Number of protein chains: 2
Amino acid sequence: MFVREKVIKAILDSGENFMSGEQLSKKLGISRTAVWKHINALREEGYNIESVNKKGYRLAEKPDDILSSENIAYNLPTEFIGKKVIHLDTVGSTNDYAKEIGNKVSGGTLIISEQQTKGKGRLGRVWKSKSGDGIWMSLIIKPKIEPYKAPFLTLVAGASVVKALSNLGVEASIKWPNDIIVHNKKICGILTELSAEMERVNYVVIGIGINIKTIDFPDEIKEKATSLYKEGYKLSRVDIVRQFCIEFEKLYKGYILDGNKQDTLELCRKYSAIIGKQVYVIKNNKRELVKCIDINENGNLIVKEKNGEIQEIMSGEVSIRGVKGYV
Amino acid sequence: MFVREKVIKAILDSGENFMSGEQLSKKLGISRTAVWKHINALREEGYNIESVNKKGYRLAEKPDDILSSENIAYNLPTEFIGKKVIHLDTVGSTNDYAKEIGNKVSGGTLIISEQQTKGKGRLGRVWKSKSGDGIWMSLIIKPKIEPYKAPFLTLVAGASVVKALSNLGVEASIKWPNDIIVHNKKICGILTELSAEMERVNYVVIGIGINIKTIDFPDEIKEKATSLYKEGYKLSRVDIVRQFCIEFEKLYKGYILDGNKQDTLELCRKYSAIIGKQVYVIKNNKRELVKCIDINENGNLIVKEKNGEIQEIMSGEVSIRGVKGYV
């Protein structure tokens, strides 16, 4: 843990009590000048730290919107997911950044940026990510698996996001394979990328963008996109990230260590926005109305065509559009 | 084409005839001083360029061992493979270099280094790659395919190397999946790496190391490794790379554009070092003697166990050791 993290941890631990400069200095084994410098740096990062003469320092308010390493990792009950956070002001794309450092950092490292200047969605699409408006993050994981087992991790991530939101009271659902929906509009997209040899994964980067405070969306996506604020949810970004880390680690460990796909699949089914409903599948520019029946063991969508035939649909083969009034 | 490439192309084109500084200056639209500077730079790169007073310049000998962009791409009858060559003196690993620039260069770009300081083999193993002793190269390709179709490209690469060597008179064979063997010893290894989204490949890097002039191998691999020189073949490195580019492009285009696996599989079978022979397969530290029967449509090895049972073996699941006297 860095000294700055130790300073904020000591202040968080003391709750409503003040910690004097001398106490902090002794506890952390640094000079009082160093304490003072760290306090100032933390204030610049956005922490509202009160200082009262002869009493010392304490947090004036819970810093629940600062996506700092200190806030996210503080007492986080995970083994490795989210234990290391790299918090950036701005970056081209958190996924690209993650891929640059993927070989050098440990699995579970989280890259979060307040802003992305070149945020990207699936298949090279642009993803709007204004400063402070959302959670723009990429998780680096290093599962010891063959590359063909990696696509399932997209479902693990989707299930973790929807479960995290649900834990915090948000009615969210998954539009297979990996869009998260609130009140029939997209609130979160997931872009998973892979670096691998033919026989083993080097690392996987799971990019997650969640719209939190965005009010005005560009015209072309206004009808389809929304944010938590817009749908009436005022949540702490830190809480969402922490819940995600906890839920992801459970499902991830289950899948990688025990081959357990069931827990993920059950969540994908339970929170599915499309199972039991009619959607259009669009393949090679042809669209067809089908009914979604299930998600199978491979994470593929099972649909029933008009003629009654059952089809298995792989992610990436098709695009799915909801039928008006449904999804 | 860069000016320097144009200079060497003009000199190569003129064959045994001299090209005067003035002729080169006119032909290329550059000053005579510029011609002179490029000639000097080319000499430093290793080209043996004669200059005779009042006659001009010509090549004193065919520059068949310089792995320069000019030499490799000169009249190369391919569409895109090897048309752009990045020739380095030294690098950590050509694969790592290729992955750094993979998103920025066009498909078919070849990275060749005289030396690798951190050459790597499959599964993180070290690959010795001394200066000038071999061909240490990485090919960047950008096929529009789903990631699960990428592993077959390792077979495409292996088939191309063995066909290229065979075109030049070398009796080489393939130890499935991707070691190239001459006189029962390994002469070439292939390490394929992948960058992908879940639904589409960003790029594939095919790393190929061919031992050309190595005489002394470290004790631990002395029994298993060899070089072309050691086995009595004195070939031009440029010829090998050019032949590889030509053979690879044929098989690659067939596979990517037409889904043609047969041409690759036929070469893999024809030049197989193990089909029809007995080998040990080693899985989870247990070794078992089996007979190799075939390579199937998926590129997997079909073997017959002692009890007569037929098994399909995926690359990466097993390690294969030859039986003494065979492979």
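Contact here means heavy atoms within 4.5 Å. By that criterion, 100% of the interface residues of chain B are also interface residues in chain A, so the copies meet through the same surface. The model is a predicted one.

**How the chains are related**

Chain B is superposed on chain A by a rotation of 180° with 0.0 Å of shift along the axis, and the RMSD is 0.1 Å. That is the relation of a two-fold axis. In chain B, the C-alpha nearest this axis belongs to Ser195(B), at 2.4 Å from it.

**Helix H2 in chain A**

Helix H2 of chain A spans residues 21–28, and its buried residues include Gly21(A), Leu24(A), Ser25(A) and Leu28(A). These residues cover an arc of only 100° around the axis, which puts them on the same side of H2(A). The cover over the buried residues includes helix H1 (3–13), helix H3 (32–44) and strand E2 (56–59) of chain A. Turned away from the buried side is a face of H2(A) that carries the exposed residues Lys26(A) and Lys27(A). After H2(A) comes Gly29(A), with a positive phi near 65°.

**Helix packing in chain B**

In chain B, helix H2 (residues 21–28) packs against helix H1 (residues 3–13) at an angle of about 125°, and the two axes are 11 Å apart. That makes H1(B) oblique to H2(B). On the H1(B) side, the contact is made by Lys6(B), Val7(B), Ala10(B) and Ile11(B), and on the H2(B) side by Leu24(B), Lys27(B) and Leu28(B). The crossing in which H1(B) passes H2(B) is right-handed.

H2(B) also packs with helix H3 (residues 32–45) of chain B, here at an angle of about 105° and with the axes 9 Å apart. An angle from 65 to 115 degrees counts as roughly perpendicular, and H2(B) and H3(B) are therefore roughly perpendicular to each other. Gly21(B), Glu22(B), Leu24(B) and Ser25(B) of H2(B) make this contact with Arg32(B), Val35(B) and Ile39(B) of H3(B).

Residues under 20% relative accessible area count as buried.

| Residue | Relative accessible area |
|---|---|
| Ser25(B) | 15% |
| Thr214(A) | 11% |
| Ser69(B) | 10% |

Ser25(B) lies in helix H2 of chain B. Not counting residues up to four places away in sequence, Ser25(B) touches Ile30(B), Ser31(B), Arg32(B) and Val35(B). Arg32(B) and Val35(B) are also among the H3(B) residues that make the contact with H2(B).

Thr214(A) sits in a loop of chain A, between strand E9 (201–211) and helix H7 (219–222). Leaving aside neighbours within four places in sequence, Thr214(A) is in contact with Asp133(A), Ser227(A) and Lys230(A). Of these, Ser227(A) is 13 residues apart from Thr214(A) along the chain, while their C-alpha atoms are separated by 5.7 Å.

Ser69(B) belongs to helix H4 (residues 69–73) of chain B. Not counting residues up to four places away in sequence, the residues that Ser69(B) touches are Glu5(B), Tyr74(B) and Val85(B).

Terms used
Residues numbered from 1 in each chain as written. Chains lettered and ligands numbered in written order. Predicted model: local features only at pLDDT ≥ 70, side-chain atom pairs only at ≥ 80, totals over all residues. Heavy atoms only, no water. Least-squares fit on C-alpha atoms with pLDDT ≥ 70 in both. Buried < 20%, exposed > 50% of the residue type's maximum accessible area, 1.4 Å probe, protein only. Helix = DSSP H or I, 4+ residues; strand = E, 2+ residues; numbered from the N terminus. Arc of directions from axis to C-beta. Axes fitted to C-alpha atoms, helices over the stretch in contact; angles between N-to-C directions. Parallel < 35°, antiparallel > 145°, perpendicular 65-115°, else oblique. Left-handed = near helix turned anticlockwise from the far one by under 90°.
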